[in-house]
Amino acid sequence: MKLASLKEGRDGRLVVVSRDLTKCADASHIAPTLQAALDDWAQLSPKLEALASDVELGSVPTERFHEHDCASPLPRAFQWADGSAYINHVELVRKARGAEVPESFYSDPLMYQGGSDSFLGPRDDIPLKDKAWGLDFEAEVCVVTDDVPMGVSPEDALSKVRLVMICNDVSLRGLIPNELGKGFGFFQSKPSSAFSPVAVTPDELGDAWSDGKLHLPMLSTYNGKAFGKPVCDVDMTFDFGTLVAHAAKTRPLCAGTIIGSGTISNRDADGGAGKPVADGGLGYSCIAEIRMIETIRDGKPETRFMDVGDSIRIEVKDKDGHTVFGAIEQDVVSA
């Protein structure tokens, strides 16, 4: 089943979307919003599934589905917690500044709590007030949970995943060092993120979803050129069961909690740092990573961060080349 929120009010209007993302049916008679559906998932998801079947059969009224009309599936959420499941990314960040990776990072996930009250839509512009802030995109996989009890095991936590989607976790790299230097975490350096037009139930993904991982490439196109195509399950140190359980170690999570994977990052075939797509590599899911590699290789970065007029497209396609979640496609504009 594929679900989306069309822009309407603060929390959107829930629709069920066809598998090929060409048409949709209003679902507001079942649940007015996606959050309302998640709040009563056991009772409402069978009704939504039945509507999804009717959409495929053509037995209910539908309208043309336009990704530009979408808010993020959850236009605002009770909680957005982003992990860092790809240790290759962490290793590069540390190596670029001459620091070692603590041993605990390989067994205890990194995670921060992001702002969740004002997500951008998948085709909304990214506002930038100051180029010196170092605007960057981060292509990620995310899951949306049902209610999760405190102290849940990773295995049971995985059973609480209700939806899968992708994310552009927008970052302001120029503000991060001072914020982290205060010892109190991200805030100003993490503005509004954007999520895919469509959220997908795990069963809809078939064998592309197993062991708490998405087994498909993450495609990033920056200013019209291929920038990254790493595979989401490769080099993923912590699966989503582990990430959800980590978030729920000392507190319960409410239905509608979003948990992110962190930047998708693959090592090169020889085990070293990844190469750009133009050089035959899998590329990167953020600008910071290629800047790290340039710093390690040349002593300084060459690739600039995003500026007004730049554009980013983030998408996942299945083995037949069909888009799975729709595309996040955003332009940078002056705030």
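**View 1. Helix H6 and its packing partners in a predicted model.** The buried residues of H6 pack against strand E7 (111–114), E10, helix H4 (154–158), strand E15 (209–210) and strand E19 (258–260). The structure shown in this and every other view is a predicted model. Helix H6 spans residues 240–247 and is mostly covered. Six of its eight residues are buried. They are Phe240, Gly241, Leu243, Val244, Ala245 and Ala247.

**View 2. The open sheet of five strands.** The strand order is E8-E21-E20-E17-E18, and the pairing is mixed. Strand E8 (126–128) and strand E18 (225–228) form the edges, each pairing on one side only. On average, neighbouring strands of this sheet are turned by 25° against each other, direction ignored. Strands of a sheet pair through backbone hydrogen bonds, either parallel or antiparallel.

**View 3. The pairing of E20 with E21.** Strand E20 covers residues 311–315 and strand E21 covers residues 328–334. The two run antiparallel and are joined by four bridges. Ile312 has Gln330 in E21 as its bridge partner.

**View 4. The nonpolar cores.** The largest nonpolar core holds 68 residues. Phe65, Leu205, Leu214, Met218 and Phe325 have the most contacts inside this core. Leu205 touches Val164, Val200, Leu214, Val324 and Phe325, with residues up to four places away in sequence not counted. A second core is separate and has 31 residues. Among its members are Ala27, Leu34, Ala37 and Val144.

View 5. The model has eight aromatic pairs. In one of them, the ring centres of Phe137 and Tyr222 are 5.8 Å apart. Their planes meet at 45°, so the pair is tilted. Phe137 lies in the loop between strand E9 (135–136) and strand E10 (139–145), while Tyr222 lies in strand E17 (residues 219–222), so the pair ties together parts that are 85 residues apart in sequence. Phe137 and Tyr222 are both buried. Ring pairs also bring in Phe227 and Tyr284, giving a cluster of Phe137, Tyr222, Phe227 and Tyr284.

**View 6. A charge over a ring.** Lys190 places its charged end over the ring of Phe186. The distance to the ring centre is 5.2 Å.

**View 7. Positive phi at Asn223 and Asp235.** Neither residue is a glycine. Phi of Asn223 is near 50°. Asn223 is found in the loop between E17 and E18. Its relative accessible area is 35%, so Asn223 is partly exposed. Asp235 has a phi of about 65°. This residue is found in the loop between E18 and H6. Asp235 also counts as partly exposed, at 25% relative accessibility.

**View 8. The surroundings of His215.** His215 is found in the loop between strand E16 (213–214) and E17. Relative accessibility is 27%, so His215 counts as partly exposed. Neighbours within four places in sequence aside, His215 is in contact with Asp207, Ala208, Trp209, Ser210 and Asp233. Leu44 is 171 residues from His215 in sequence. In space, C-alpha to C-alpha, His215 and Leu44 are 28 Å apart.

Conventions
Residues numbered from 1 in each chain as written. Predicted model: local features only at pLDDT ≥ 70, side-chain atom pairs only at ≥ 80, totals over all residues. Heavy atoms only, no water. Pairing = 2+ DSSP bridges. Axes fitted to C-alpha atoms, helices over the stretch in contact; angles between N-to-C directions. Core = buried A, V, L, I, M, F, W, Y, C linked by side-chain atoms within 4.5 Å. Buried < 20%, exposed > 50% of the residue type's maximum accessible area, 1.4 Å probe, protein only. Contact = heavy atoms within 4.5 Å. Phe/Tyr/Trp six-rings, centres within 6.5 Å; stacked < 30°, edge-to-face > 60°. Lys NZ or Arg CZ within 6 Å of the ring centre and 35° of its normal.
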